[in-house]
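Dear colleague,

Please find below the structure that I am handing over to you.

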Amino acid sequence: YDLIFQAKEYDSEVQKALSIAGYDQAKPKGILEIGCGTGAHTKALALGQKGVPITAIDIDSDMVELSRMNMRDFEHVEILQTRIEDLERRGFSVALALFNVVTYIGSFSDLTSFFQGVYLALDDGGAFVFDCWNGVAALRDPPGGKETTFEDDRVSLHCLLDSSTDFLKQRTVLTYTISVRNKDTGVAESGAHSFQQNLWTPNQVFDALQMAGFSDTEYFTFMEPSVPATHDSWKITFSCRK
């Protein structure tokens with residue numbers, strides 16, 4: 001996972017997200033990261049916000065285990081396996097959900113419930129920043145096949161990405177077929193993993209945020225508040241406040 005997405009600009013995305021939240025200079029009193037994965041954004045947060053308590057959550061036990069291992073040297077970071085709806089912590093200044101977290105949510109009621117969980121976790125006036133696919137752009141131009149090769153000192157990895165889109169249900173199933181060869185032993189392994197992405201339109205996301213209680217909601221081109229999103233903007237960022 002980390003090898004496939006090694007070129008992703010985690011540090012820059014975190015800095016931009018915090019700036020959008022109003023913390024480009026001042027430090028928040030607490031940060032909540034939702035959908036931390038292996039901890040790449042978490043590490044960028046921890047390095048840039050030293051001393052600020054950070055709680056990072058994910059529902060996947062394997063991801064939580066990897067994230068805890070990757071963040072073991074950061075005492076101000078806590079990694080929890082939980083849904084946002086079940087999180088008991090409160091009073092965060094900022095909540096972030098980066099790398100298409102909301103795109104994995106499968107129904108409008110679940111989307112609204114997710115946002116309500118974030119709303120309850122935030123302090124009054126707290127900011128929530130997240131990115132997602134723009135369903136309008138994804139339905140106009142569905143994700144197609146993509147073939148790439150990655151390498152590091154240990155392995156070479158070949159990845160074939162394919163997809164199937166249900167336009168009426170606004171869903172895309174992505175399938176990663178991955179072959180990995182260990183450079184030291186020459187042993188090769190391969191397998192496939194499929195998962196669903198939900199193509200929420202900006203209006204659907206906006207409605208769910210309003211139902212959850214959020215205000216001052218806006219969306220724009222990915223991490224660029226000065227660039228309005230269009231129907232062709234594949235990635236968009238939302239900013240809202242409690």
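Contact is taken throughout to mean heavy atoms within 4.5 Å. Leaving aside its neighbours within four places in sequence, Pro142 is in contact with Thr165, Phe167 and Trp234.

Please note that this is a predicted model, in which local features need pLDDT of at least 70 and side-chain atom pairs count only at pLDDT 80 or more, while totals for chains, interfaces and linings use all residues. Residues are numbered from 1 along each chain as its sequence is written, and side-chain values use heavy atoms, with hydrogens and water left out.

To continue with Pro142: this residue is found in the loop between H5 and strand E6 (146–151). Helices (H or I, at least four residues) and strands (E, at least two) are DSSP runs, numbered from the N terminus. Pro142 has a relative accessible area of 27% and is therefore partly exposed; buried means under 20%, exposed over 50%, and partly exposed in between, with a 1.4 Å probe and protein chains only. Between Pro142 and Thr112 there are 30 residues of separation in sequence and 25 Å in space, C-alpha to C-alpha.

The sheet

The model has an open sheet of 7 strands with mixed pairing, in the order E3-E2-E1-E4-E5-E11-E10. Two strands pair if DSSP finds at least two bridges between them. Strand E3 (77–81) and strand E10 (215–221) are the edge strands, each pairing on one side only. On average, neighbouring strands of this sheet are turned by 15° against each other, direction ignored. Axes here are lines fitted to C-alpha atoms, for helices over the stretch in contact, and angles run from 0 to 180 degrees between N-to-C directions. Strand E2 (residues 54–58) runs parallel to E3 and is joined to E3 by 5 bridges; Ala56 stands opposite Ile79 in E3.

H1 packs on this sheet and touches strand E1 (31–34), strand E4 (92–97), strand E5 (122–133), E10 and strand E11 (235–241), its direction making about 135° with that of E4. Helix H6 (residues 202–212) also packs on the sheet, where it touches E5, E10 and E11; the direction of H6 makes about 20° with that of E11.

The helix pair

How do the axes of helix H1 and helix H2 cross? The axes of H1 (residues 10–20) and H2 (residues 40–48) come within 9 Å and cross at roughly 65°. The contact is made by Tyr10, Asp11, Glu13, Val14 and Leu18 of H1, together with Ala40, His41, Ala44 and Leu45 of H2.

Salt bridges

A salt bridge is counted where a side-chain nitrogen of Lys or Arg lies within 4 Å of a carboxyl oxygen of Asp or Glu. By this rule the count comes to 9 salt bridges. One of them joins the side chains of Glu13 and Lys8 (2.9 Å, N to O), and both Glu13 and Lys8 are buried.

Another is formed by the side chains of Asp131 and Lys235 (3.3 Å, N to O). This pair links distant parts of the chain, with Asp131 in strand E5 and Lys235 in strand E11, 104 residues apart. Asp131 is buried because its relative accessible area is 0%.

The side chains of Arg140 and Asp232 also meet in a salt bridge (3.2 Å, N to O). Arg140 lies in helix H5 (residues 135–140) and Asp232 in the loop between E10 and E11, so this pair ties together parts that are 92 residues apart in sequence. Both Arg140 and Asp232 are exposed.

With kind regards
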